[in-house]
Amino acid sequence: MVLNIVVFVGPAGAGKSSLVAAYGRWLESVGLRTFKVDLDPAADYVPYSPDYDIRRLVNARDIALKYGLGPNGALVKSIEMVTEKLGDVIVEFRNVEADFVSVSYTHLRAHETSLHIVCRLLLEK
C-alpha cells in the first residue's frame with residue numbers, strides 16, 4: 001500500500017487546521033481513508049478530530065505554566081520538545097491504515113534545522 005503524506009506548514013493562524021479539515025472531508029467524500037494529524041502544541045481549537053494529536057505529548061499551555069513562559073516562548077519551547085520526542089511520534093505512523101495522512105504542522109522559523117526534522121521523518125519510510 002502506498003501511503004501519501006501531505007504536510008500543511010505555516011505559522012500560527014495561517015489556516016492549516018481548517019485546510020486539513022476541509023481536505024479530509026473531500027478525501028473521505030471520494031472514498032479515500034484518511035489519518036489526520038495535528039502537530040501544533042499550542043492549538044486551542046482544531047476543527048476536526050485528530051487521529052494523532054501532539055498535545056498528548058507536549059502542550060504549550062502546560063509548558064508556559066511549568067517554565068513561566070509567555071505564549072511565544074512556550075510555543076518555541078514546545079516545538080523544541082516535539083523534536084526531542086520524535087521517536088514517539090514516528091511510532092504512531094508506522095502502521096497507519098489510510099490512503100492519505102494529512103498533517104498540520106506549525107513552523108516557527110524556516111532557518112531552524114531541528115524543525116525540518118519533523119517533516120523529514122514523517123516523509124521517510
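Visitor: Before we get to the loops, what counts as a helix or a strand here?
Guide: Helices (H or I, at least four residues) and strands (E, at least two) are DSSP runs, numbered from the N terminus. By that rule, D51 is found in the loop between β2 and β3.

Visitor: Where do the coordinates come from?
Guide: This is a predicted model, where local features need pLDDT of at least 70, side-chain atom pairs count only at pLDDT 80 or more, and totals for chains, interfaces and linings use all residues. Residues are numbered from 1 along each chain as its sequence is written, and side-chain values use heavy atoms, with hydrogens and water left out.

Visitor: OK, back to D51. Is it buried, exposed or partly exposed?
Guide: D51 is partly exposed, at 37% relative accessible area. Buried means under 20%, exposed over 50%, and partly exposed in between (1.4 Å probe, protein chains only).

Visitor: Give me the overall layout. How many helices and strands?
Guide: The protein chain has five helices and four strands. From the N terminus on, the order is β-α-β-β-α-α-α-β-α. Of its 125 residues, 42% count as buried.

Visitor: Which strands does β2 pair with?
Guide: Strands pair if DSSP finds at least two bridges between them. β2 and β4 are parallel, with six bridges, and F35 has V101 as its bridge partner in β4. β2 also runs parallel to β3 (residues 52-53), joined by two bridges; there, D38 is partnered by D53.

Visitor: Switching to aromatics. How many pairs turn up?
Guide: Three, from a search of the whole structure. Rings of Phe, Tyr and Trp (its six-membered ring) pair if their centres lie within 6.5 Å; planes under 30 degrees apart count as stacked, over 60 as edge-to-face and the rest as tilted.

Visitor: Why is F8 with Y23 called edge-to-face?
Guide: The ring planes are at 75°, so the pair is edge-to-face, and the centres are 5.7 Å apart. This pair links distant parts of the chain, with F8 in strand β1 (residues 4-10) and Y23 in helix α1 (residues 16-29). F8 counts as buried, at 14% relative accessibility.

Visitor: What about Y23 and F100?
Guide: They are edge-to-face too, 6.2 Å centre to centre with 90° between the planes. Here the partners are 77 residues apart, Y23 in helix α1 and F100 in strand β4 (residues 100-106). F100 is buried, at 17%. F8, Y23, W26 and F100 form one aromatic cluster.

Visitor: Which charged end sits over the ring of Y67?
Guide: That of K77, 5.1 Å from the ring centre. The cut-offs are NZ of Lys or CZ of Arg within 6 Å of the ring centre and within 35 degrees of the ring normal.
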